[in-house]
Amino acid sequence: MNIYIANLDTALTDTDLYNMFSPFGQVQSATIAMDGFTDKSRGFGYVNMLNEQEALAAIEALNKREIQGQVVTVREAENKEVHKGSYKVGNPAVKGYQFRKS
């Protein structure tokens, strides 16, 4: 089960997140979202646990709990939607904006 954790302290690392959930069961992965430009934490992350009952126990225990001065929100992550573009890439009938030389 994929779990979403919000309002994390920006000093937390992937290892801290892993250690936070490991007492509840086997953690497959723990990742904090990082900003691509600043390489700093975006304040949320995802944990993937193999056993659904263990994941639900972790959500129940950690939701609305204060961790390093922040009250975190823990819930089941929503499924990602697949977004399709408005046109096919490489379709010769659709031409993108072309820059003109002056």
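Strands here are DSSP runs of E with at least two residues, helices are runs of H or I with at least four residues, and both are numbered from the N terminus. Two strands count as paired if DSSP finds at least two bridges between them.

As to conventions, residues are numbered from 1 along each chain as its sequence is written, and side-chain values use heavy atoms, with hydrogens and water left out. Because the model is predicted, local features need pLDDT of at least 70 and side-chain atom pairs count only at pLDDT 80 or more, while totals for chains, interfaces and linings use all residues.

Let me turn to the pairing of β2. Six bridges join β2 to strand β3 (residues 41-49), and the two run antiparallel. Within this pair, S29 stands opposite N48 in β3.

Finally, A33. This residue belongs to strand β2 (residues 27-34). Is A33 buried or exposed? A33 is buried, at a relative accessible area of 16%; buried means under 20%, exposed over 50%, and partly exposed in between, using a 1.4 Å probe and protein chains only. Beyond its neighbours within four places in sequence, A33 is in contact with K40, S41, R42, F44 and G45.

Notes
Contact = heavy atoms within 4.5 Å.
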